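This report describes selected features of one protein structure. Please keep the sequence and the three-dimensional view at hand while reading.

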Amino acid sequence: MGKPILLSVDDDADVLRAIERDLRTKYGADYRVIGTDSPQSAIGLLKQLKVRNDSVALLLADQRMPQMDGVTFLQEGMRIFPEAKRALLTAYADTNAAISAINQAGINYFFMKPWDPPAEHLYPQLDDLLDDWRATYKPSFEGIRVLGTRWSPKSYELRDFLARNRVPYQWIDVELSANDVETKQLLEALGPEAANLPIVLFPDSTKLLESVPAQVAQKVGFPTRAQTNFYDLAIIGGGPAGLAAAVYGASEGLHTVIVEREAPGGQAGMSSRIENYLGFPTGLSGGDLARRAVAQAKRFGVEILSPQEVVGVRTESPYRFLKLADGTEFSCHSLLIATGVQWRRLEAPGIDQLQGAGVYYGGGSTEALSCKGEIVYVIGGANSAGQAAMYFAKYAERVVIVVRGASLSSSMSQYLIDQIAETANIQVWANASVAEVHGDTRLQEISFLCADTGKIERVKANAMFIFIGAMPRTDWLGELIERDSHGFILTGPDLIREGQQPKGWNLERDPFLLETNVPGIFAVGDVRHGSVKRVASGVGEGSVAVQFIHKYLSKV
Ligand SMILES: Cc1cc2nc3c(=O)[nH]c(=O)nc-3n(C[C@H](O)[C@H](O)[C@H](O)COP(=O)(O)OP(=O)(O)OC[C@H]3O[C@@H](n4cnc5c(N)ncnc54)[C@H](O)[C@@H]3O)c2cc1C
């Protein structure tokens, strides 16, 4: 925690030195003492301190300064740090000016020059002022601050990125807190730059305007470049399947790297509560599971490049090369694809324009607090929708789960159906589907088609969360890896057709259980054709794959 600041301003270098020395002697242990000889530069400094979220306890200014007198400086300073105590240094001749400034500039005290001995003429009065200041002082937040607006897709993208990567930050909605004094002062201190939302303010006083996740990742120091150009095992995707494979691979001596496009944890990382994962009888959040898995993988020396995307794979026997979105490449002996699935898009007029501005795919933790007291629509009837509804119900006035079918029973686990039935502010709206969403810059209304009546019902809405299933995104694998008609990767026995090995397969043995049509390239988890879409099965497949990888490596 940075110390609160005592700022003194005096154009006379000797007086400035003397006051700084006396302040430091008595208060240096608890406060940072800063001195400047120019009131203008002191105003600039105060603005910087405001943007950095520093605390200023005392402004002490000489009354007679050629560019700006002390009273005017203190008035200006008060606009930036209203809670700071204000004191004037005056010569005897300026006493009247100082007295009249007590009201005019809200001066708390004026000191006569010289103040010797300070133990008599300076410290007792300052002790009083600083005690007073401390009584109402709230230490300011020292981490990253994000300024934006709730309905801005760019702000949402940034907050979601920080939340999923577990980077602590303070969110300041400049519209919602427009009347908040602190926010007003901060925006004033930022000046014209305040228009470039979203803005990220870092504790080292740097800032990013119109910021995007990649810039923040770079600034925060997320590793996105491989440390070497060759690995025993490279894993694409840092969901449960990829992380499990990394833990087993690295713990068994394989030099292992994971490349993850968004945030380690994958889909599971978005889950508010996983209740069916073995060993956690009261459930655990996806974020918690991801945090533990990442720590475990790192402990075994796994390198995690995130956010970083793999955009291509090629082979040059016996090497497999990964091409990354930043244009770099590295190679490995064995490759594991664990890229999971991504949300299926909802086809309805207006959805694309309002994404991130009231319409969200998945999501939850980032937006839940903003939905306090509102009606939230959750679209979909699977477990992910049920978990999200339970989570939103803690904040929202009412949560409406909208399903195409007649009930939840065909798509949701019974434990969630029971929880939902017992939650008074969750309502299930069956036989309905989204026909259109309405709003110019943010979601305002949703039109639902009611299958039983054939009628359209239009309702007011601030937020709609879509959980309508997911699809693999595997186009970037080109012709190299065989997939089914939906894009899921074929492995092991699925590749043997009428007793024939896959095309181009040049080994005597058949592909191993989780191996693709290219020797040494494996696929696990949700992206694999026929996989069970669960955390435990992804973890299981990731762990089992490592045994086949060892077998493969023993013959390379
Ligand atoms: C909201 C929600 C709640 C759920 N709740 C439960 C539950 O309670 N219990 C349960 O068992 N299951 C649950 N599931 C399902 C479970 O999360 C998934 O089955 C599991 O996460 C699949 O793991 P995976 O590693 O195969 O893939 P994913 O978790 O999808 O991870 C794949 C990762 O690969 C990354 N990636 C994709 N393409 C690339 C690329 N080209 N380059 C780099 N990285 C890439 C993605 O960013 C992603 O992080 C839930 C899912 C959701 C969405």
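## Two loop residues

Lys-503 is located in the loop that runs between strand S25 (470-471) and strand S26 (521-523). The structure is a predicted model. Lys-503 and Asn-517 are separated by 14 residues in sequence, and their C-alpha atoms are 7.7 Å apart in space.

Tyr-31 also belongs to a loop, between helix H1 (13-27) and strand S2 (32-36). The relative accessible area of Tyr-31 is 6%, so this residue is buried, the limit being under 20%. From Tyr-31 to Ala-42 there are eleven residues in sequence and 17 Å in space, C-alpha to C-alpha.

## Surroundings of the ligand

Which residues come nearest to the ligand? Of the 34 residues around the ligand, these are Glu-260, Gln-267, Gln-387, Asp-526 and Val-535. For Gln-267, a polar side-chain atom is 2.8 Å from an oxygen atom of the ligand. For Asp-526, a backbone N or O atom lies 2.9 Å from an oxygen atom of the ligand. Asn-276 takes part through its side chain, in which an N or O atom is 2.9 Å from a nitrogen atom of the ligand.

On its own, the ligand has 1000 Å² of accessible area, and the protein covers 96% of this. Helix H10 (240-251), strand S16 (342-343) and helix H13 (383-392) are the elements that give two or more residues to the shell around the ligand. Sorted by class, this shell holds 13 nonpolar, 14 polar and seven charged residues.

## The second largest pocket

The largest share, five residues, is supplied by H8. In terms of class, the lining of the second largest pocket comprises eleven nonpolar, eight polar and eight charged residues.

## Backbone features

Most residues other than glycine have a negative phi, and most peptide bonds are trans. Where is the peptide bond cis, with omega near -10°? This bond leads from Lys-113 to Pro-114, and Pro-114 is placed in the loop between strand S5 (109-112) and helix H5 (118-121). A cis peptide bond also joins Ser-306 and Pro-307, with omega about 0°. Pro-307 is part of the loop between strand S12 (303-305) and strand S13 (310-316).

Ser-205 is not a glycine, yet its phi is positive, at about 70°. The loop between strand S8 (199-201) and strand S9 (207-208) contains Ser-205. With a relative accessible area of 34%, Ser-205 is partly exposed. Glu-210, likewise not a glycine, has a positive phi of about 40°. Glu-210 is found in the loop between S9 and helix H9 (213-220). Its relative accessible area is 42%, which means that Glu-210 counts as partly exposed, because this value falls between 20% and 50%.

How values were computed: Residues are numbered from 1 along each chain as its sequence is written. This is a predicted model: local features need pLDDT of at least 70, side-chain atom pairs count only at pLDDT 80 or more; totals for chains, interfaces and linings use all residues. Side-chain values use heavy atoms; hydrogens and water are left out. Helices (H or I, at least four residues) and strands (E, at least two) are DSSP runs, numbered from the N terminus. Ala, Val, Leu, Ile, Met, Phe, Trp, Tyr, Cys and Pro count as nonpolar, Asp, Glu, Lys and Arg as charged, and the others, Gly among them, as polar. A residue is near a molecule or strand if one of its heavy atoms lies within 4 Å of it. A polar contact is a pair of N or O atoms within 3.5 Å; within protein, one must be able to donate a hydrogen and the other to accept it, and residues adjacent in sequence count only if both atoms are side-chain atoms. Accessible areas come from the Shrake-Rupley method with a 1.4 Å probe; for residues, only the protein chains shown count as cover. Buried means under 20% relative accessible area, exposed over 50%, partly exposed in between (1.4 Å probe, protein chains only).
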